[in-house]
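Here is a short briefing on one structure. Take a look at the sequence and the model, then read on.

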Amino acid sequence: MARRASIPLLFLLASGLLFAAAVGTSREEEGRRGEQWEHQHGKKGRGREGEQDSRRPYVFGPRSFQRIVRSDQGSVEALRPFNEESRLLRGIKNYRVTIIKANPRSFIVPGYPDADGISYVVQGEGVLTVIENGEKRSYTVRQGDVIVTPAGTIRHLANTDDRRKLIVANILHTISVPGKFQYFLGESLVSSLSKRVQRAAFKTSEERLEKLFGRQGKKQGFIVRASEEQVRELRRQASEGGQSHHWPLPPFGGDSRDTYNLLQQRPTIANRHGRLYEADARSFRALGDHDIRVAFANITAGSMTAPYYNTQSVKIALVLEGEGEVEIVCPHLSQGSERHQQGQSERGKGRGREEEDDEREQQHQKQGRGSGSESESEEQQQDKYETIRARVSRGSAFVVPPGHPVVEISSSRRSSNLQVVCFEINARNNERVWLAGKNNVLGKLDRPAKELAFGAPAREVDEVLGAQQDEGFLAGPEQQQGQGEEEWRHRGRDEEAVESFLRMATGAF
């Protein structure tokens with residue numbers, strides 16, 4: 001029993017102590033996953049749901065984002081619904097990820113989505129205007145700002161920078177059709193009403209209505225060009241008409257009406273290997289209504305995060321800058337379960353996703369009532385894990401379910417750091433559990449527990465668990481390999497303890 005109980009602990013610790021360089025596929029291969037998708041207007045893609053289960057269901061290359069809004073002045077890109085990517089992501093089927101890119105001096109016309117939005121300003125500066133409860137307010141937004149916008153709130157956004165694009169990353173919580181959202185343009189909605197309703201509603205002649213709303217079809221669309229004079233007026237509204245108010249509105253922003261900017265806060269974790277900035281309901285009350293934490297990680301080139309997992313949160317991450325690798329330990333993609341999924345996929349062609357899931361669940365229940373050998377086989381699968389390894393770069397995205405250990409590595413081949421913004425769903429009762437580093441959870445085990453779990457004297461276990469003195473962010477694999485052999489020889493007992501531990505881990509597997 002002690003030997004069996006040690007397997008998951010040995011695996012998790014081994015993944016933190018000896019992290020090999022990951023071999024990922026090219027950005028083009030990553031992008032093929034999102035080439036076809038079902039548009040929110042009802043146009044169906046040719047790809048079949050769940051076809052990525054047996055590959056890498058948690059990682060999406062830059063080309064996985066599809067343009068859902070095209071304009072000469074910018075674009076809106078979106079990942080397709082998570083439950084259509086993989087059945088393993090059904091738990092976040094109500095969430096979507098989008099990226100808004102607006103050219104200098106461009107203007108996103110007034111409208112509203114049928115989804116709650118949490119946004120992070122990746123780059124640039126602009127003016128956001130919202131109309132809520134009959135009151136109009138304008139705010140200056142800039143890089144590092146976290147923004148919360150309720151569904152149905154009329155808003156418009158302008159890029160007031162003359163040189164740089166305004167880029168905003170968003171996570172949308174859909175509330176109408178699960179996994180689907182629509183941005184409603186104010187003018188289009190009015191012009192779509194019947195002529196007789198328009199005449200009655202506006203108490204205006206049809207000729208004047210046609211003259212005003214008939215121009216709509218000649219306009220450039222969702223994102224249009226603004227003149228210098230119009231941009232100056234929008235800036236003035238933010239600084240004077242809005243009484244110098246910035247996002248968010250009270251009471252969400254606390255006692256101050258200033259924008260909540262992550263990058264201007266004290267980092268939660270900071271050392272030479274990286275910095276972590278976080279905003280949750282305690283620091284930014286608007287997030288409490290949505291149970292989401294927003295985090296920004298800046299990982300030094302050649303460094304990595306210590307292995308960790310979240311107890312409750314699903315982490316949706318977007319790479320903003322730099323290149324690197326990500327490793328995610330998953331119990332659902334062992335070879336046995338992968339073969340089972342592929343077999344079910346072949347037999348389930350032409351049927352709906354829910355029907356296949358129901359049949360899979362029924363077969364699982366039948367196996368549970370079957371022979372003892374089948375139950376034993378299922379028990380053995382619990383000790384097998386698959387490590388998903390992938391290269392990531394600017395524009396990539398990845399999802400980490402709760403309980404799944406993850407490590408993010410910043411490439412040392414580039415001079416730029418790996419910068420990642422994270423939206424963590426179900427944040428209220430979440431705990432981040434570190435598996436390596438000075439604050440690792442395994443080091444807090446009692447002496448008897450260490451000896452029984454690892455099958456070694458507690459002293460040897462402590463030497464391994466206590467060797468790493470950094471926490472949160474650590475030197476990456478390439479940095480470790482770059483150290484001279486002489487330095488490694490000086491480590492003496494610590495290195496011998498590591499080798500001893502690895503022999504134990506290998507024997508356990």
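Leaving out residues up to four places away in sequence, Lys450 touches Leu442, Gly443, Leu445, Gly455, Ala456, Val461, Asp462 and Leu465; a contact means heavy atoms within 4.5 Å. Lys450 sits in helix H11 and is buried, because its relative accessible area is 7%. Buried means under 20% relative accessible area, exposed over 50%, and partly exposed in between, with a 1.4 Å probe and protein chains only.

This is a predicted model, in which local features need pLDDT of at least 70, side-chain atom pairs count only at pLDDT 80 or more, and totals for chains, interfaces and linings use all residues. Residues are numbered from 1 along each chain as its sequence is written, and side-chain values use heavy atoms, with hydrogens and water left out.

**The helix pair**

- Helix H11 (residues 447-454) packs with helix H12 (residues 458-465) at an angle of about 90°, with the axes 9 Å apart.
- H11 is therefore roughly perpendicular to H12; angles of 65 to 115 degrees count as such, under 35 as roughly parallel, over 145 as roughly antiparallel, and the rest as oblique.
- On the H11 side, the contact is made by Arg447, Lys450, Glu451 and Phe454. On the H12 side, Ala458, Arg459, Val461, Asp462 and Leu465 take part.
- By class, the contact of H11 with H12 has four nonpolar, no polar and five charged residues. Ala, Val, Leu, Ile, Met, Phe, Trp, Tyr, Cys and Pro count as nonpolar, Asp, Glu, Lys and Arg as charged, and the others, Gly among them, as polar.
- Axes are lines fitted to C-alpha atoms, for helices over the stretch in contact, and angles run from 0 to 180 degrees between N-to-C directions.

**The whole chain**

- The protein chain has 15 helices and 26 strands. Helices (H or I, at least four residues) and strands (E, at least two) are DSSP runs, numbered from the N terminus.
- Of the 509 residues in the protein chain, 50% are buried.
- Among contacts between residues at least 6 apart in sequence, 79% join residues at least 24 apart.
- The protein chain exposes about 25,400 Å², and carbon and sulfur atoms supply 46% of it. Accessible areas come from the Shrake-Rupley method with a 1.4 Å probe; for residues, only the protein chains shown count as cover.

**An open sheet**

- Six strands, in the order E2-E3-E4-E11-E6-E9, form an open sheet with antiparallel pairing. Two strands pair if DSSP finds at least two bridges between them.
- Strand E2 (66-71) and strand E9 (146-149) are the edge strands, and each pairs on one side only.
- From one strand to the next, the twist averages 20°.
- Five bridges join strand E3 (residues 74-78) to strand E4 (residues 95-102) in the antiparallel sense. Val76 has Ile100 in E4 as its bridge partner.

**Loop residues**

- Ala286 lies in the loop between strand E15 (274-279) and strand E16 (292-299). Ala286 counts as buried because its relative accessibility is 4%.
- Ala286 and Ile147 are 139 residues apart in sequence and 8.7 Å apart in space, C-alpha to C-alpha.
- Asp291 is also in the loop between E15 and E16. Asp291 is not a glycine, yet has a positive phi of about 55°. At 17% relative accessibility, Asp291 is buried.
- Asn426 is found in the loop between strand E24 (418-425) and strand E25 (432-434). Asn426 has a positive phi of about 65°, although it is not a glycine. At 37% relative accessibility, Asn426 is partly exposed.
- Most residues other than glycine have a negative phi.
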